[in-house]
Amino acid sequence: MTLTVSLIGRPNVGKSTLFNRLVGRRASLVHDEPGLTRDRLYADAEFDGRPFLLIDTGGLELDSDESIMKMIRQQAESAIADSDAIFFVLDAQAGLLPGDLEIAAQLRATRKPVFLMVNKAESAVNKAASVEFYQLGFDRLFAVSAAHGQGLDAVFEELEILFPRPSGEYLEPEKDSHEVRVAVIGKPNAGKSSFVNKLLGEERLLVSEVPGTTLDAVDESIEYAGRCFRLIDTAGIRRKRSIFKDSEKMAVSSSLGALDRANVALLLIDASAGITEQDLKIASFVDKKGKACIIVVNKWDLSRNLEISADRFAEHIRDKMPFLSFAPILFASAKTGRHIFDVLEMAIEVSDTYKKRVPTSQVNKMLEQAVLGHQPPMVQGRRLKFFYGTQVSVAPPTFLFSVNVKEGVHFSYERFLVNRLREAFGFKGSPIRMVLRERS
Ligand code: GDP
Ligand code: GDP
């Protein structure tokens, strides 16, 4: 059964806006006049790859005798009956009104979980004002802004805790999710165009050009080891810049654009130049954007002259780029072609890992064992307690943990948990994100 959620609230609180935000397209009419969206709307929505059914009701206007209001009310009632949870939308700018109290009374009678969505709370003032809605007697209160898409993550984390998704209940992956989307990035002269040209010149590959999203962004599609790769913005990499030198600024901005469309970053480092500030800067974007990464030390054909061993070079990278400690390091030569196919094979593994889902039961088993082996610290006289853990999204893999005191999870304990996740489930080449949610 698909999780079903209905939106209830007085007219004009922002239900339609929220509905559109969650459904992601303008399916219902949004207008300032109260009562304009009268029909009950159903739509398939999703969060973090989990499908759910969203019902928008016309609004409950309990103190009105008009027949249209009566009809709306009946529809809302049957929507409530059909729902697993209710998003009770309120208006932080208008404050708590008598109509809200009446709706609250009716919702309490249903015994369904009610989420107070205190909307229009984009400003700090309105956010602070949202606490007055606790008077309604529900303890799930979220200050949100439907118009600006703020505060919704916390809502869905809570929903996920309340209704853990059955393993396997995810949207069908996109048709091309099997595709390995690769961005070759690095500072000028690292060997990006040599690397791409070498790959494309190989007879082992099936090459076809695919149009990119903008006129001059042309991707190249290649097939290798039974998998389809997309080399993002090949044209940009191969373009010979006769007028403009490949400045650092250009290298950074083109790397950024390509990264956005990629899953896996191949970060090329020029072995003969060592690790420079420019490398660190580009590497930091991989980290910020949460992409999977393989570090490729290029021009390794020159290693004999370099008087540094691969091990030593790798240590040096780990030293300078601790934020990419998850990225495997490979040594290759775009010039001779040595090990360039190892890079592709690794990219397949890393890309799949980046999109991997771990069932909730396994996350919790891991959590239980981790906590047993390494007791969480005391905070403010209380023992830090973990209630529950679940993977809420992929690409990058993101885990939600609910705890009693959020501040109690120090960096070191967070790192400990991330390491345990890696030991238990792999995630080679992927960053792992962690979200903490406080529950009393
Ligand atoms: P409904 O009658 O409950 O469906 O409410 P609508 O979605 O039609 O919104 C009523 C009005 O509130 C519209 O003018 C929206 O633009 C406005 N509104 C909706 N969400 C927000 C928000 O998050 N912040 C602000 N400031 N206005 C919002
Ligand atoms: P880009 O600016 O990152 O695209 O770098 P290019 O591919 O244009 O390479 C810059 C220079 O490094 C060129 O002179 C290449 O011939 C050279 N180069 C690239 N890859 C290698 C390699 O693996 N070994 C050696 N020895 N030289 C390389």
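Select ligand 2 together with K192 to begin: in this predicted model, an oxygen atom of ligand 2 is 2.8 Å from an N or O atom in the side chain of K192, a polar contact in the sense of a pair of N or O atoms within 3.5 Å, where pairs within protein also need one atom able to donate a hydrogen and the other to accept it, and residues adjacent in sequence count only if both atoms are side-chain atoms. Residues are numbered from 1 along each chain as its sequence is written, while chains are lettered from A and ligands numbered from 1 in the order in which they are written. Local features need pLDDT of at least 70 and side-chain atom pairs pLDDT 80 or more, whereas totals for chains, interfaces and linings use all residues, and side-chain values use heavy atoms, without hydrogens and water.

Widening the selection to residues with a heavy atom within 4 Å gives 16 residues around ligand 2, the closest being N189, K192, S193, S194 and D301.

Next, select helix α12, residues 340-354; helices are DSSP runs of H or I with at least four residues, strands are runs of E with at least two, and both are numbered from the N terminus. Eleven of its 15 residues are buried, so α12 is largely enclosed by the rest of the structure, buried meaning under 20% relative accessible area with a 1.4 Å probe and protein chains only. Among the buried residues are I340, F341, L344 and Y354.

Move on to S393, which lies in strand β16 (residues 386-393) and is buried, with a relative accessible area of 15%. The C-alpha atoms of S393 and K355 are separated by 8.6 Å, although these residues are 38 apart along the chain.

Now show the whole open sheet, whose three strands have the order β16-β17-β18 with mixed pairing, two strands being paired if DSSP finds at least two bridges between them. Strands β16 and β18 (433-438) stand at the edges with a single partner strand each, so one side of each is left without a neighbour in the sheet. Strand β17 (residues 398-403) runs parallel to β18, joined by six bridges, and L400 stands opposite V435 in β18.

Key:
Buried < 20%, exposed > 50% of the residue type's maximum accessible area, 1.4 Å probe, protein only. Expected span 1.5 Å × (residues − 1).
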